[in-house]
Amino acid sequence: MTPEPPAPSTLLSPSELPGGLPDLSGVGPEDLEELLRAGMAAQRAAWERIAADPAPADFASVVEPLETAAADFARVTGIFFTFVSAMGTEEVLELHRRWAGPLAEHEAASARDPRLARRLAAVEEEGLDPVRRHVLRRWREEFEDRGAFLEEGARQEVARIEQEVAQLSAQFGAGLLAGAEQAGLLLEDERQLAGLPEDRVRQAAEAAQLAGHPGSYLLVQDLFAVPSVLSSLQDRDTRRRLWRDSVNRGRGEARDEGAADTLELLTTAARIAELRARRAELFGARTHAELQLRRSVAGTPQRALGMLEELAPRARAAFQRELAVMAEVAGVEPGQIQPWDVPVLLERVARERYAVDAQALRPYFSFERTLVDGVFAAASRLYGVQFTARPQLPGHHPEVRFWEVRDEQDRLLGLFGLDPWARPTKQGGAWMHEIVPRDARVGQTPVVMNTLNFTRPGQGEEKLLSADNVRTMFHEFGHALHSLLSTVVWPTAAGTNVPRDFVEYPSQVNEMWMFHPEVLPHYARHHETGEPLPTEAARALQEAARWGEGFRTVEYLGAALLDMAWHTRGTDAEPLETPQQVREFEREVLARYGLADLPVAPRYATGMFKHIFEGGYSAGYYSYIFSEMMDAETVDWFRARGGLRRENGQVFRDRLLARGSEQDPAQSFRDLLGRDPQIGPLLRRRGLVDDDAERDGAAGEGAEGTGADE
């Protein structure tokens, strides 16, 4: 029997379920629409009460109710995002498109009420403790960034721009999802899938069946330009066709000859970037990147771009060294290697030179053991947290599972939810988000979700993982810990409410425990015999971890530099009005940094760059490598102090994880390390140093922080 959907008032109110989990098991598009209406009305009513309050403006009468209203609405958007991202039926995506503009207008409405802006400006800092003072300043910055202090005409234009960008971004996301479907590769002969793991072959057969092609095989495109299956496919023509269709998504008539015809998104992206540049100009900034990075750890586009520019020639040289090795193994000249050959050759070198056979190792990484005896166990050792499964708790999908997370004093830290398996209505990639935010003032602990896209195992079968899958689990759970271990009182400053170029840092640090000698033997066991992963195989995995870093860095930098190029264009730049002009712009950017002539596509080209044209990473994709700079230093910090020790975890939590944005996160890093981050450890980790001896000296450090959800 299908449960009755809860009334919106129930979803808006604190839940009676453990941990304050809202019951989403029967929620449909109509409920989501009513939730948005009711949530927006409730927040606007709260703003009106604050604005009309005749009492003198102080922290208690202005900032505290602003925090409460923000936490309540974060619950609304948390529920809505859960469905848009993980239950994206046509009806839900249409709802998202219709509400993108109104939501953008609502998010800025408080800052554009002059009464609220005046009351916030009137709150005195004197007498406030440092945390309250910092929270007050963050609210003032939020109002400034939303246009509270602009002239009325400029404020109205900003509002129009934000609505148009929101609508275009929703269209971009919907088009990207449709494009992934349009670019799927249909194959008739199973021999064309040679090398693919059995579960992926089964998945391809099921996808073809669902698409109305029984007896065939459909390779569905994933989030990245280079599909993950490319490293396994042995048939070169299959690889070529899959790669071609993947990288041409979103290009429409500007696609390469023979590529699948997908919805054209290049001019949509160009229009979004143009609108952002105009918005930045209204705020007195030269570019969108300058405006965006004012509140970041990097601080300026020059610092962020300078780091990328320093890495580009080093990454190019590292990849060329890798190309030479691949060519030797394949018995060809480096110039004969094509982009669709690189992933499979990287795997071949790992197999032949490092004795790492990715497929042969999968039986040692079962999903359940990795989760419980790996991810959870490492967190327990380091932070003293305990996990209790709560199978009776309802989720937005029957496959969603929950655990209670408690500390050593048995105090509830929050609920952790996991949605592991891919399905047609789920966006690609992996991510963490909060369904319910932390609000310590009312005793509300967070409800945190990790959403993955692993292939669902067959009935009665164990899910076996690749090493990359394992890394993704540790990475995403690092985000969850950042939320669960927060001690910040104020909701908008708690957990992962930190700058973009800081938020990936704690999750990247959590990847280091994947190979730790006190963690790996407990979860890396054969799923049938229980035998641990052989010591020599574990050692080979670690030695091989940096193999391919040149390729991965070039692939990543291509995307990060495209992001910066789009968002450092001012309003005086020549408009890009056709798909062909956009493609030429992309080529010019990659050529400028010496990346255009390599057999590597950017991780995301413009027509498929969801992070920056629908997500929140515009002028911020550099954040992954910037965060990894801090991560590499922190890994060294842990190692120098004995690694997986409870006291190390407590220091890391107290000085950094727990602090959120109750102080400048850059200061939290300084509190931990005693100084600002330096790039040296990152260069050594990625094999990007100039000296051979220095590269050799970094061997065995592993490849933590490669950005499993980049």
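Predicted model: local features only at pLDDT ≥ 70, side-chain atom pairs only at ≥ 80, totals over all residues.
Local features need pLDDT of at least 70, side-chain atom pairs count only at pLDDT 80 or more, and totals for chains, interfaces and linings use all residues. Residues are numbered from 1 along each chain as its sequence is written, and side-chain values use heavy atoms, with hydrogens and water left out.

User: Is A69 buried or exposed?

Analyst: Buried means under 20% relative accessible area, exposed over 50% and partly exposed in between, with a 1.4 Å probe and protein chains only. The relative accessibility of A69 is 5%, so this residue counts as buried.

User: Which residues does A69 touch, not counting residues up to four places away in sequence?

Analyst: Contact means heavy atoms within 4.5 Å. With residues up to four places away in sequence left out, the partners of A69 are Q43, A46 and W47.

User: What is the area buried between domain 1 and domain 2?

Analyst: Domain 1 covers 12-149 and domain 2 covers 362-480 + 496-538, with bounds from an automatic or database domain assignment. Buried area is the accessible area (1.4 Å probe) that two parts lose on being put together, summed over both. Carbon and sulfur atoms give 64% of this area, and the total is about 2100 Å².

User: How many salt bridges are counted between domain 1 and domain 2?

Analyst: A salt bridge is a side-chain nitrogen of Lys or Arg within 4 Å of a carboxyl oxygen of Asp or Glu. Between domain 1 and domain 2, the count of such bridges is zero.
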